[in-house]
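Colleague: I would like to learn how to read the features of this model. Please take them one at a time.

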Amino acid sequence: MKMPTKIINYLLFTYLLSATMQTKAVELDVPYVETPPELVEIMMNIAEIGPDDHVIDLGTGDGRIVIAAGKRGATGVGIDLDPARITEAKQNAISEGVDDKLQFIEQDLFKSDLSEATVITLFLNEEVNLKLRPTLLKLKPGTKIVSHMFSMGDWQPIRYQQVVMNNNGNFFIHEVFYWEVPANN
Ligand SMILES: C[S@@+](CC[C@H](N)C(=O)[O-])C[C@H]1O[C@@H](n2cnc3c(N)ncnc32)[C@H](O)[C@@H]1O
């Protein structure tokens, strides 16, 4: 028996509607923007990242920061709420030969366990940094925190670097901030 076209169309419509409704909407606190490679290197250098470090990269994007840390012998975890970014970061870690040192987790950075970090890396925004600040201040004294572009309000960095970059004739000032969690805070 042939099914009438109207019924087929209705079934197709309800199927597509339910598939759309099931698609998880990801509400990001910060949109995806890449840190230029030169700045990634500055972040590595300013925090003196090496084989003894365990880096937790909040809002990892394509994983470039934690992958650079892995290339210096560090272990690390890249966290991002966007599943597409996590897939991309995992593939990039494999292509760069550091996937054995790194883990990528689809998770909200505000709900992540940061306690094992020796370094936290950030390229988020000022508001998110300020919201994270109380959590960061509770980490082990000496934990290194590096942020591309955004400060932590009145928490003064102990190292700071500015870089002017020329993007097709448009000049941008990039900033890198470095803090260490103080003892007894
Ligand atoms: C500005 S991009 C930085 C990407 C990468 N770290 C870099 O520097 O090239 C910010 C990243 O944070 C992620 N993100 C935004 N809100 C988040 C949240 N609440 N938890 C985890 N990741 C989040 C976005 O998906 C995006 O990949």
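**Strands and the sheet**

Colleague: How many bridges join E1 to E2?

Modeller: Five bridges join E1 to E2, and the two strands run parallel. Helices (H or I, at least four residues) and strands (E, at least two) are DSSP runs, numbered from the N terminus. Two strands pair if DSSP finds at least two bridges between them. In this pair, Ile 56 stands opposite Val 77 in E2. Before going on: this is a predicted model, in which local features need pLDDT of at least 70 and side-chain atom pairs count only at pLDDT 80 or more, while totals for chains, interfaces and linings use all residues. Residues are numbered from 1 along each chain as its sequence is written.

Colleague: How many helices and strands are there in the protein?

Modeller: The protein has five helices and seven strands. Along the sequence, the pattern reads α-α-β-α-β-α-β-β-α-β-β-β.

Colleague: In what order do the seven strands form the sheet?

Modeller: Strands of a sheet pair through backbone hydrogen bonds, either parallel or antiparallel. Here the seven strands form an open sheet in the order E3-E2-E1-E4-E5-E7-E6, with mixed pairing. The edges are strand E3 (102–106) and strand E6 (159–167), each of which pairs on one side only. Direction ignored, neighbouring strands are turned by 15° against each other on average. That angle is taken between axes, which are lines fitted to C-alpha atoms, for helices over the stretch in contact; angles run from 0 to 180 degrees between N-to-C directions.

Colleague: How many bridges join E2 to E3?

Modeller: Strand E2 (residues 75–80) is joined to E3 by five bridges, and the two run parallel. Gly 76 stands opposite Leu 102 in E3. Helix H4 (residues 83–95) packs on the sheet and touches E2 and E3, its direction making about 170° with that of E3. Touching means contact: the C-beta atoms of two residues, placed from the backbone, lie within 7 Å.

**Burial**

Colleague: How much of the protein is made up of buried residues?

Modeller: A residue is buried if 20 or more other C-beta atoms lie within 10 Å of its own, exposed if 12 or fewer, and partly exposed in between, with C-beta atoms placed from the backbone. On that count, buried residues make up 32% of the 185 residues.

Colleague: Why is strand E5 largely enclosed?

Modeller: Five of the five residues of strand E5 (residues 144–148) are buried, so the rest of the structure largely encloses this strand. Lys 144, Val 146 and His 148 point one way, while Ile 145 and Ser 147 point the other. Strand E4 (residues 119–122) is joined to E5 by four bridges, running parallel, and Ile 120 has Ile 145 as its bridge partner.

Colleague: What covers the buried residues of H3?

Modeller: The cover includes helix H2 (37–46), strand E1 (54–58), E2, H4, E3 and E4. Seven of the eight H3 residues are buried, so this helix too is largely enclosed by the rest of the structure. Just after H3, Gly 73 takes a positive phi of about 95°.

Colleague: Which residues touch the most other members of the largest nonpolar core?

Modeller: A nonpolar core is a set of buried Ala, Val, Leu, Ile, Met, Phe, Trp, Tyr and Cys residues joined through C-beta atoms within 7 Å. The largest one holds 36 residues, and Met 43, Val 55, Ala 69 and Val 146 touch the most other members. Not counting residues up to four places away in sequence, Ala 69 touches Met 44, Ile 49, Asp 53, Val 55, Ala 74 and Gly 76.

**The ligand and the loops**

Colleague: Which residues come nearest to the ligand?

Modeller: A residue is near a molecule or strand if its C-beta atom, placed from the backbone, lies within 6 Å of it. Of the 23 residues around the ligand, Thr 35, Gly 59, Gly 61, Leu 109 and Phe 123 come nearest. Helix H3 (64–71) and E2 each supply at least two residues of this shell.

Colleague: Where is Asn 168?

Modeller: Asn 168 is in the loop between E6 and strand E7 (170–180). Most residues other than glycine have a negative phi, and most peptide bonds are trans. Asn 168 is not a glycine, yet has a positive phi of about 50°. With 4 C-beta neighbours inside 10 Å, Asn 168 counts as exposed. Glu 48, in the loop between H2 and E1, has a positive phi near 50°. Glu 48 is partly exposed, with 13 other C-beta atoms within 10 Å.
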